[in-house]
Amino acid sequence: MSFESLGLQAELLRAVADAGYDDPTPVQRLAIPPILAGRDMLAGAQTGTGKTAGFTLPLLQRLGANRPANGRPVRALVLTPTRELAAQVQDSVVTYGRHLSMKSLALFGGVSINPQISALRRGVDILVATPGRLLDHAQQGTVDLSRVEILVLDEADRMLDMGFIRDIRRVLKLLPAKRQNLLFSATFSAEIRGLADGLLENPERIDVAPRNTAAELIDQKVHPVDRARKRELLSWLIGGQDWRQVLVFTRTKHGANRLAEQLERDGLSAAAIHGNKSQGARTRALADFKAGKVRVLVATDIAARGLDIDQLPHVVNYELPHVAEDYVHRIGRTGRAGREGQAISLVCVDEHDLLRGIEKLLGRKLPSETLPGFEPDPRVRAEPIENGRRGGGKPPRGGSNPPRAASARPRAGDSARPGHRGGQAARSRRRAGARA
Ligand code: AMP
């Protein structure tokens, strides 16, 4: 099936050809015709499936088809969980809309609000925003959402995980009742279904998201190693096997910084990417990594979300995540689009419970290989794992693997905005308090 047969207009077909796409992906084939027809949609699709073009292309066509006689009101609103994703979606809007005269803006925290206000004043057709900053604008009266025709919730499960449900409901109150609603999510919890029930009218349901299948194409392996020797083993693996592009996950921002510095000292070019870094620093680190100037990118889970880096040959779990589902998201960065990838986990004695939780989720044991020279010392006892919360958060009892809903919210390790202590949940509470 071709893009032509989906009913897209010539300007969009040209942009798709410019982007080098030959055929639509499954989510695009399923999503584009009903969205063009004005239907609401509940879509199960992960990053990497081509979902962004799946909603952006028909959205552009619908907006282009009935332009307002005067002014340039916000007519489409895309909500995303992270600023990285907001920036990427807006990039896609620019890419696919390059032969149409449509204005778009990405709105997120952590950067100055004034240029955003000026851009909004000049007129924006398509706004891509994180909920917090959007509400800041709404409160200041610098954004008008009363003429929104299409609402997209992108990565809705992530938004709920990050504690955005109240913010989303506040945003919904600012929108006109009559509009087209599209909800994209990789997973469907009861909370997502509740949100969808209240939001969507007779939606078209599509589903291309694999359910925790942890991609058969990914070669997964565990290397048992002592806590104190993980860095040495990592440098040895990267250097010894001449890996050129490695994404390494740590649990905390501090851990990410420290590891990047240590790797640099080992002679491996490395950069850390996490919520405390400025937007500029994160963008630079990602660009350097993609360009091959930086060999190792060390990231925390939340910072890595929504990053347009996939099809990597190597992903390393330097530390296992507290939440088993995060393991699946992490390793999903490799082995995309039919390519083989390798996901390696360095597991010390403290992490055995976390590993069991992951294996339970996957429904199988991961192959384990002890590397000669790195055999764990059997005398080393397990220590509780710090869970990255600020303000004296307790480590999870016995290092167990708590269910996502219970643990994801207080994971303050990556506030969506730098300089805000206490992370998303605390911020929501503060905002609620400030408005009460
Ligand atoms: P997404 O799931 O929207 O994050 O897209 C994942 C990647 O797939 C992006 O880098 C897109 O540029 C790329 N992509 C989207 N649609 C297609 C297509 N039809 N053919 C090839 N690549 C695509």
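These are my notebook entries on what I looked up in this predicted model.

**Ground rules**

The model is predicted, so I took local features only at pLDDT of at least 70 and side-chain atom pairs only at pLDDT 80 or more, while totals for chains, interfaces and linings use all residues. I number residues from 1 along each chain as its sequence is written, and side-chain values use heavy atoms, with hydrogens and water left out.

**Entry 1: the ligand**

I started with the ligand and its neighbours. I count a residue as near if one of its heavy atoms lies within 4 Å of the molecule. The ligand has 13 residues around it, and the closest are Y21, Q28, G48, G50 and T52.

What is the make-up of the shell around the ligand: how many nonpolar, polar and charged residues? I get three nonpolar, seven polar and three charged.

The side chain of Q28 puts an N or O atom 2.7 Å from a nitrogen atom of the ligand. A polar backbone atom of D23 is 2.8 Å from a ligand nitrogen. On the oxygen side, a backbone N or O atom of T49 is 3.0 Å from a ligand oxygen atom. On its own the ligand has 500 Å² of accessible area, and the protein covers 71% of that. Accessible areas here come from the Shrake-Rupley method with a 1.4 Å probe; for residues, only the protein chains shown count as cover.

**Entry 2: rings**

I searched the whole structure for aromatic pairs and found three. Rings of Phe, Tyr and Trp (its six-membered ring) pair if their centres lie within 6.5 Å; planes under 30 degrees apart are stacked, over 60 edge-to-face, and the rest tilted. I looked at F55 and F184, a tilted pair with 5.2 Å between centres and 55 degrees between planes. F55 sits in helix α3 (residues 51-65) and F184 in strand β6 (residues 180-185), so the pair links parts of the chain 129 residues apart. Helices (H or I, at least four residues) and strands (E, at least two) are DSSP runs, numbered from the N terminus.

Are F55 and F184 buried or exposed? Both are buried, and my cut-offs are under 20% relative accessible area for buried, over 50% for exposed, and partly exposed in between (1.4 Å probe, protein chains only).

I also noted K230, which lies over the face of Y318 at 5.8 Å from the ring centre. The test for a charge over a ring is NZ of Lys or CZ of Arg within 6 Å of the ring centre and within 35 degrees of the ring normal.

**Entry 3: positive phi**

N202 has a phi near 40 degrees, a positive value in a residue other than glycine. I found N202 in the loop between α9 (190-199) and β7 (204-207), and it is exposed at 61% relative accessible area. D242 is in the loop between α10 (230-240) and β9 (246-249) and counts as partly exposed at 42%.

**Entry 4: single residues**

In helix α8 (residues 165-173) I checked V171, which is buried at 0% relative accessibility. Its C-alpha is 9.5 Å from that of L79, 92 residues away along the chain.

R170 is also placed in helix α8, but R170 is partly exposed at 22%. The R170 side chain makes a 3.0 Å polar contact with the side chain of D167.

R133, in helix α6 (residues 131-140), is buried at 8%. The R133 side chain has a polar contact of 3.0 Å with that of Q116.

Last, I looked up H322 in the loop between β12 (314-317) and α14 (324-331). H322 is buried, at 8% relative accessible area.

Conventions
Polar contact = N/O pair within 3.5 Å; in protein donor to acceptor, adjacent residues only side chain to side chain. Nonpolar A, V, L, I, M, F, W, Y, C, P; charged D, E, K, R; others polar.
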